[in-house]
Amino acid sequence: MNIVCKPSVLSGTIGAIPSKSDAHRKLICAALSVNGGTLPLYPPFCDDIAATVNCLTALGAKFTETPDGLHVTPVIRQTHAVLDCGESGSTLRFLLPVAMCVCDNIAVTGHGRLPERPIDTLTAAMSAHGVQFSDGKLPLNAVGTLTGGIYEIVGNISSQFLSGLLMALPLCGSDSEIRLTTVLQSSKYVEMTLDTLRLFGAEITVSEQNGLLHYYVKGKQQLRFPDEISIDGDWSNAAFWLAAGAVSDGASVTVSSLDSDSMQGDKAIAAILKGAGADVSVCGKTVTGSGRTMHEINASMEEIPDLLPILAICAACAKGTSHFTNAERLRIKESDRLSAVAELLRSVGGQVDELPDGLTVYGGQLTGGTVHAHNDHRLVMAAAIAALRCAEPVTILGAEAVSKSYPSFFADYRQLGGIAEITD
């Protein structure tokens, strides 16, 4: 599907969609609990959440749609399961260790760029603890039962390796310790995992030794669905609306259902935009971005890699030269996001230097043009926001990729006054 977005001004209020990061974790913990319960999560689901639901179903969980949300009946141990992770890195990396606690053998597949994304760090750690893999990348088969013990993994490739192990190890028959061998990146996502596990009653303690984190997990634990539970509003996708309000004169976009106390690292978007001169206000659980001329943005992407595409668009619309650093991990996302974002900016008339671990973006006037989405949902949304400040329309090739995280993005875009027309 190709979509043409024309220059326009967005204004109004939109509700934040459920956080994909939060929903993944709570779905998995609910399915692993001894009692099950109902999550305030309603279809239609984005592609990544649908992949997690489908994989948990294959592992013996049941999901029932109710007026109060999605009721989860816990997993029943399976002898064999086929897990199709779609294009979801979270689904794959979270459920690979979890599956080997509740299933004797699995076959795992994935699509798009997922088979190229690294999991060898995780498979190596699991191979040392009772699991045998047919391959170190997708598609693969795995047999055995994950055991407790001492795990040593790096923390600078993907925090999802650590989160997956943290969700699985409480189910093992003995205690475990995870020792990071490098400094942890995207630490807020791991804190979100720990918060979720503790909400479900897990006992996990954390210490620091020689500047590196160690996690201690008791074995033979039982997770229990809590009496009260919620799903965070998604700061990662709300960032596109706040930026849409900030980059255009006369624009003002308010996003509701955002928790300023959320563990989501991408809530930093509000402070970053405000620090660059945008008019950003927070009132309770509503956040508003309003048009004002911005200056350069200098930001490390170490903890907030998913914000790079939209921050690069903001930088291209601002005055001055912006620098985005510590972003080398973005090369192993749904696309090589460093290269793809640089290509996007050039395609719409922007000026950018691509560095091995970052981007330098030069502010100025965007002209419009044709953008290839590279099957990356965040590039689709970034291009649509860029169109607001372009002199001519922006054609987005492969815009259907947005369904990975935000299927209703273009409906919400039009609701706020944006012009987005499907061309085929």
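**Entry 1: two helices.** I started with α1 and α6, which pass each other in a right-handed crossing (the near helix is turned clockwise from the far one by less than a right angle). Helices here are DSSP runs of H or I, at least four residues, numbered from the N terminus. I noted that this is a predicted model, where local features need pLDDT of at least 70, side-chain atom pairs count only at pLDDT 80 or more, and totals for chains, interfaces and linings use all residues. Residues are numbered from 1 along each chain as its sequence is written, and side-chain values use heavy atoms, with hydrogens and water left out.

The axes of α1 (residues 20-32) and α6 (residues 187-199) come within 10 Å and cross at roughly 35°; they are lines fitted to C-alpha atoms over the stretch in contact, with angles from 0 to 180 degrees between N-to-C directions. On the α1 side I found Ser21, Asp22, Arg25, Lys26 and Cys29 in the contact (heavy atoms within 4.5 Å). From α6, the residues include Tyr189, Met192 and Leu197.

**Entry 2: Ser405.** Is Ser405 buried or exposed? It is buried, at 4% relative accessibility (buried means under 20% relative accessible area, with a 1.4 Å probe and protein chains only). I located Ser405 in the loop between β22 (394-397) and α12 (409-415). Leaving aside neighbours within four places in sequence, Ser405 is in contact with Ile17, Lys20, Cys46, Asn237, His377 and Met381.

How values were computed:
Buried < 20%, exposed > 50% of the residue type's maximum accessible area, 1.4 Å probe, protein only.
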